Every structure is written in C-alpha cells, then in structure tokens.
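I opened the model to look up the ligand site and then the aromatic pairs. Entries follow in the order I made them.

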Amino acid sequence: MLLLLAALLLPRPAAAEDGYDLWLRYRPIPDADAEAYRPRLAQLVAPAATPTQRATRDELVRGLGGLLGAQPPMSDAAKVEGALIVGTPASSKQIAGLKLATKDLGREGYRIRTVEFDGRDAIAIAANTDAGAMHGAFHLLRLLQTGQPIDALDIREVPRTQLRMLNHWDNLDRHVERGYAGESIWDWHKLPDYLGPRYADYARANASIGINATVLNNVNASAQQLTPMYIEKAAALANVFRPYGIRVFLSARFSAPVEIGGLKTADPLDPQVRAWWKAKADEIYKAIPDFGGFLVKANSEGQPGPQDYGRTHADGANMMADAVKPHGGIVIWRAFVYSHETPDDRAKQAYNEFVPLDGKFRDNVMVQVKNGAIDFQPREPFHPLFGAMPKTPLMMEFQITKEYLGFATHLAYLGPLFEETLRADTHARGKGSTVAKVVDGELHGYRLTGMAGVANIGSDRNWSGSHFDQANWYVFGRLAWNPELSSRDIAEEWTRMTFSNDGDIVQPVVAMMMGSREAVVDYMTPLGLHHLMGRGHHYGPGPWVEGGPRADWTSVYYHRATKDGIGFDRTTRGSDAVSQYAKPVAAQFDDAGRTPEEFLLWFHHLPWDYTTRSGRTLWDELVVHYSRGVDKVRDMRRTWNALEGRIDPERHAQIATFLAIQEKEAQWWRDASIAYFQTFSQRPLPDGYAPPAHPLDYYESLEFPFAPGNG
Ligand code: GCV
C-alpha cells in the first residue's frame with residue numbers, strides 16, 4: 001500500500017518525440033518546479049487491489065517519475081515530508097480517515113484537496129469509485145504537467161455527461177471510413193490472442209480526458225461484427241479497456257438477423273427477429289458483462305432499417321432496446337437520416353422524421369444527433385433537433401476526424417467549432433437554453449446524457465495522422481466531460497502538455513490553434529457556404545460537382561449559384577428550414593440583415609451585389625474571405641517556422657511540412673472557388689486581389705481516385 005516513489009524513479013532514456021506519447025509525455029519539469037512539488041509528493045499512498053487501482057497507481061508512478069525525474073533522489077522514508085493519498089473511503093483507510101465528502105461525487109467524480117496527513121503536508125484524491133480516483137489522478141498529473149501550483153488545492157469535479165464516447169468508423173478489413181491516420185488501430189486478425197501495447201495506451205489516453213465508452217466499429221456496419229468470432233475479439237479489447245473505466249459498444253447492422261441469423265426478415269415487430277436480437281444480446285453479455293449496447297445507423301445512406309418494413313425508427317430502436325434492457329444496456333440510434341425519395345431540403349429531414357417520435361422511445365434509447373443538420377461541415381448552425389425533443393435524450397455527435405476540414409494535413413483545431421455549437425442558444429426554454437444544456441440534460445431532465453466523437457485514431461505512430469490532430473481528440477474528451485469549458489483554455493492545457501510550458505511557445509501555438517478553424521472556413525466555405533468538397537472522398541474543392549445518383553450529394557444543390565446570386569434559401573420564403581428552430585432563432589435566421597454573417601448563405605440566396613456588413617458587395621466579400629483564409633495559413637506557417645529550434649526537430653519538421661501542404665491547398669481552394677463562382681458573378685476581383693493561378697477547367701480536371709478515407 002505504501003509505495004516509496006524513490007525506488008521507482010529509474011532514469012529513462014530520452015525518447016524521440018514521434019507523438020506516440022500524446023499529451024501524456026511526462027518529460028522532466030524544471031528542477032525548481034520539481035523542488036516545489038516534491039514535498040507533497042514524496043510518497044504515494046494508493047491501493048492496488050483491483051485492476052483499476054493498479055492502473056491508477058502505475059500511471060502516477062509513471063507520471064510522477066517522469067515529471068519529477070530521478071535526480072536529485074527523493075528523500076528516504078525517514079525524511080519523507082508529504083504524501084499523495086489516493087482512493088475511496090472503502091479502498092483506502094487513509095482516505096476514509098480524512099473524512100473528505102465523497103457523496104456528491106457520483107460514480108466518476110473526484111475531489112483533490114491539499115490536506116494534512118500524519119502531521120505532514122499531503123494531497124488527497126478522493127472518490128466514490130476506483131474510476132473516480134483514476135480521473136482525479138489524471139487531473140493531478142495534468143496540474144503538474146501544466147505547471148500549476150499544488151499547495152492549496154480544493155478541486156471538485158463531476159462529469160456533466162454520463163457517456164463520453166468515441167465512435168470508430170473502422171471496418172473489419174482495417175479500412176477506416178474517413179480515417180486519415182493509417183489503418184484501424186484494431187488488428188482484428190490477430191485478436192483476441194495478440195493484445196499489443198497500443199490498446200492499453202489508447203485506454204490510458206482516453207481515461208486521461210474522461211472518455212468512458214468506445215464503439216469499435218463503423219456505423220456502416222458489417223453483420224460479421226456480431227458473429228461469435230468477432231464478439232470474442234471485441235471481448236478481448238473490452239478486457240483491456242475495463243481497468244480504465246472504458247466500456248465497449250458495437251455498431252449493429254439492422255439486417256443482421258437475415259445476414260447472419262438465417263431469418264427471412266429483420267422486421268422489428270416480427271417475434272423471431274425480436275427473439276434473435278435478445279439471444280444475440282445475451283450472447284454478447286456473456287462475453288462482455290459490461291457491454292454498453294448498440295449504436296445504429298438505420299435507413300440512412302443505403303443502410304437497412306425498420307422503414308424497409310414500413311416501421312418507424314422508434315419501432316426499430318425499441319426492439320433492440322428491449323434486447324439489451326435486462327443487461328442494463330442502451331441503444332444509441334442515429335438521427336442522421338435523409339431519404340432518397342424525399343425531395344425536401346436535406347437539412348430538414350432528420351427533424352421531420354424524429355420530432356414526431358419524441359416520447360415514443362424506450363427509456364434506454366438515446367438519439368444521436370450531429371452538431372449540424374447537414375454533415376460535419378467546417379461551419380454549420382446547430383442542429384434544429386437540439387431543444388426540439390424534450391422527451392428523448394439526445395446525444396451530441398461531433399466529428400473529430402477532419403473529413404471536411406482538410407484531412408490530417410490541415411491544421412484545424414476543432415475546439416472553437418465544438419464550443420460554438422455547445423454555446424449556441426436554442427431558446428427552447430427561453431434565453432440561455434444552450435445546446436450544452438440540452439446535451440448535459442439540464443434543460444429537459446434527460447435521464448441519459450452523452451457526447452460522441454467520430455474518432456481520428458489509427459495505426460499511425462502519432463495516432464491521429466498529425467500532431468495537431470491529437471488536440472482534437474483531447475478537446476473532445478475535455479468538452480464531453482464539461483461542455484462549458486473554454487476551448488482556448490483547453491488548447492493551452494494541451495499545448496503545455498504536448499509541447500512546452502514555455503510561454504514563448506504556448507502563446508503563439510495557442511494563437512495558431514485558435515485561428516486555425518476559421519482559416520479553413522475562410523478558404524473552403526466562407527459566409528455559410530457548405531458541402532463544396534470533391535465528390536465522394538471530400539478532398540479538395542469541388543463546387544462544380546453536379547449530377548450523379550442524388551442531388552443532395554452535389555455541390556450545386558447547396559450553393560445554388562446563378563447569375564442572379566448565391567446561397568440556399570432556407571427562409572420562410574424558401575425551404576422553410578428556419579421554422580424548425582425556436583421562434584426567436586427562426587426570426588433571426590429568416591432575416592438576412594439579422595443572420596450572423598457566418599451563416600448568411602446557409603439560410604439566404606442573395607444577389608452578388610448584396611451589401612455585406614463590411615460595406616463590400618457579397619462577391620467582393622467572398623473573395624476577401626477566400627484570400628484571408630490563405631493569408632491566415634501563411635501566418636501560421638511563419639509563426640511555426642519561427643519556433644524552429646524551440647520545438648523538438650522531429651515534430652517541428654513534420655508540422656512545418658504539413659503547414660506547407662496546407663498553404664498550397666488553401667491557395668488551391670481559394671483559386672478554384674473564385675474561378676468557379678466568377679463564372680456566375682461575372683464580376684472582376686476587387687483591387688489588389690490576384691486572379692486564380694489557373695483557368696477553371698484545370699481545377700475541374702483534377703481527380704483523386706485514391707484519396708484516403710473514402711467510404
Ligand atoms: C459513416 C457522411 C460521411 C460518411 C458517413 C456518414 C455518417 O456522409 O461521408 O462516410 O458514414 O456521414 O455519418 O453516417
């Protein structure tokens with residue numbers, strides 16, 4: 001129980017900075033800071049009776065050992081000054097003796113307090129559960145990693161959402177849909193026997209930011225995932241993740257009873273189908289006793305679903321919910337649906353489909369809603385379903401992987417995007433009814449709450465395809481824990497842990513990160529334009545994309561540019577999508593003059609000479625935004641290049657190269673978009689703005705049949 005850290009502080013060889021360690025690098029901190037920390041961290045008093053307790057203790061040993069370094073040696077037992085005491089009242093007699101209140105901490109919360117213990121200065125991390133204590137341990141390590149004082153700590157943290165979940169869009173052949181970080185991290189072929197070290201490191205990284213659930217496979221699911229062979233493989237992963245408080249979920253293919261069950265139908269009201277799902281759930285729970293449940297994409301983009309049998313989404317979700325209910329499982333049903341047959345504005349379809357079903361779902365069903373009504377664009381207004389389903393727990397779905405924001409090479413820190421959505425005011429219950437309050441259950445008293453992020457993790461050594469994309473995984477977890485945190489604070493935290501605590505590094509890096517998403521919006525889809533990327537793979541500009549199997553998979557459907565103007569009229573005079581929002585929001589979006597300019601062309605079709613807030617015409621304003629986007633990338637490059645020598649050479653060089661790619665591609669986006677839209681506006685560029693480098697047909701001729709991540 002009483003572990004002297006000194007014995008464990010072996011010097012470690014300097015590791016190359018290849019990004020594998022993520023934000024858990026634990027490199028030695030400056031001696032003076034270490035000196036200040038040591039007196040309270042000379043001993044670790046932490047139980048090690050359960051796997052979670054051992055994982056917590058191991059992390060603290062690893063973290064404190066790395067941060068505080070081996071020299072000078074820690075004091076020996078006789079001179080020990082203070083201790084770090086970790087545990088629950090049940091697992092630790094010291095924690096019990098300290099009598100810190102834990103009742104208000106729930107299942108995963110914790111308290112960190114500077115206390116007196118045995119007449120010495122100490123720090124206590126107290127929780128109700130081992131998982132809570134683990135979260136607290138990671139919090140303390142974060143304080144040390146970011147150079148915070150620890151001499152007067154009084155911290156209480158309780159997660160604001162219950163489920164903080166990654167959605168992997170990983171296929172069984174290891175292709176990752178919309179993945180830009182190599183193959184799937186799950187080496188299905190070698191599972192269940194070979195459990196490489198990555199799995200535990202994945203779990204550590206997630207636990208460190210509070211993520212407590214993972215869906216292993218793509219929502220475009222293979223029924224094979226539910227066969228005994230793959231259940232066994234999933235169970236092996238669940239065993240690795242369990243000590244870190246992470247539960248496994250699976251995406252389920254609705255037609256699995258037909259495909260692997262030998263039934264003639266997957267009709268959710270058919271007794272045999274219901275029995276099949278019940279038996280399947282029993283089988284899964286036998287292998288994975290803490291299995292979380294199913295995530296389902298149904299009747300969306302060609303996936304099978306209850307509507308194939310004339311049933312509703314509620315019929316389908318409830319049938320599966322009944323199957324997992326006896327085991328305490330849940331069903332997460334996605335609201336990302338838009339029909340082939342419905343000619344209505346795609347942005348309206350999920351709302352039309354789901355609002356009438358409010359109150360019709362079982363109490364163990366959540367409906368998972370993307371942040372916006374189209375599809376993870378660089379900018380979208382919040383989805384109108386938030387605030388519109390008071391009786392159905394809605395789970396937020398963000399995309400961490402950057403399908404529409406430049407894949408892995410473009411620097412786009414998504415914190416501001418997430419924050420913008422979470423802080424948006426739905427006005428569902430009057431002013432202040434933010435999306436965050438919908439999602440964390442405060443607004444409607446949801447019994448289940450959660451946030452999902454489509455993972456950007458793969459087999460690349462640096463996990464996410466680029467060093468900065470690690471920050472998107474990080475910020476997702478932190479905001480899922482507390483949707484009201486500031487994305488800037490999180491960027492700073494991440495930068496300190498990932499690069500350096502040196503203010504001369506932190507300040508410029510955070511500034512780059514905070515401006516980066518807006519740069520992407522500017523050079524790709526300014527002023528509310530959306531879905532203008534290359535067809536299918538979504539790489540590069542494709543505003544000219546038209547034709548093909550369905551109109552709402554083309555760019556011209558979304559921008560509607562003509563000689564008269566540009567933009568999608570979603571006002572009451574157009575598709576009337578605005579009316580899906582609460583009245584004050586609808587009124588604002590219905591009026592071009594009151595619509596925030598960043599959403600202008602999302603809601604309005606306007607003439608090219610429309611006067612924008614700057615006083616410029618709409619055409620000129622578009623050109624200014626496109627050009628500004630490129631300029632911002634140039635600035636990021638300059639900032640980064642100036643940090644050469646202050647950041648380790650490996651990471652500096654890769655990021656510098658990626659920024660060069662980003663500049664080239666930002667210019668491509670700008671030039672191609674301007675060349676294309678100019679054919680409609682038929683106006684010259686404003687003074688001082690360079691014409692596109694190539695004629696339009698050059699941009700239109702570019703093809704990328706092997707762009708990564710295609711579905
Ligand atoms: C998993 C978008 C993506 C698809 C994805 C789909 C979804 O359309 O391009 O790859 O499919 O969203 O969220 O289901």
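I counted a polar contact as a pair of N or O atoms within 3.5 Å; within protein, one must be able to donate a hydrogen and the other to accept it, and residues adjacent in sequence count only if both atoms are side-chain atoms. The model is predicted, so I kept local features at pLDDT of at least 70 and side-chain atom pairs at pLDDT 80 or more, with totals for chains, interfaces and linings using all residues. Numbering runs from 1 along each chain as its sequence is written, and side-chain values use heavy atoms, without hydrogens and water.

I found a polar side-chain atom of Glu-301 2.9 Å from a ligand oxygen. The side chain of Lys-370 has an N or O atom 2.6 Å from an oxygen of the ligand, and for Asp-375 the corresponding distance is 3.0 Å. Alone, the ligand exposes 340 Å², of which the protein buries 96% (Shrake-Rupley areas, 1.4 Å probe).

Ligand shell. I listed 15 residues around the ligand (a heavy atom within 4 Å); Glu-177, Lys-297, Arg-334, Lys-370 and Glu-403 come nearest. By class I noted eight charged, four nonpolar and three polar residues (Asp, Glu, Lys and Arg are charged; Ala, Val, Leu, Ile, Met, Phe, Trp, Tyr, Cys and Pro nonpolar; the others, Gly among them, polar).

Aromatic pairs. I paired rings of Phe, Tyr and Trp (its six-membered ring) with centres within 6.5 Å; planes under 30 degrees apart are stacked, over 60 edge-to-face, the rest tilted. The count is 42 aromatic pairs. Phe-254 and Trp-333 are edge-to-face, because their ring centres are 6.1 Å apart and their planes stand at 90 degrees.
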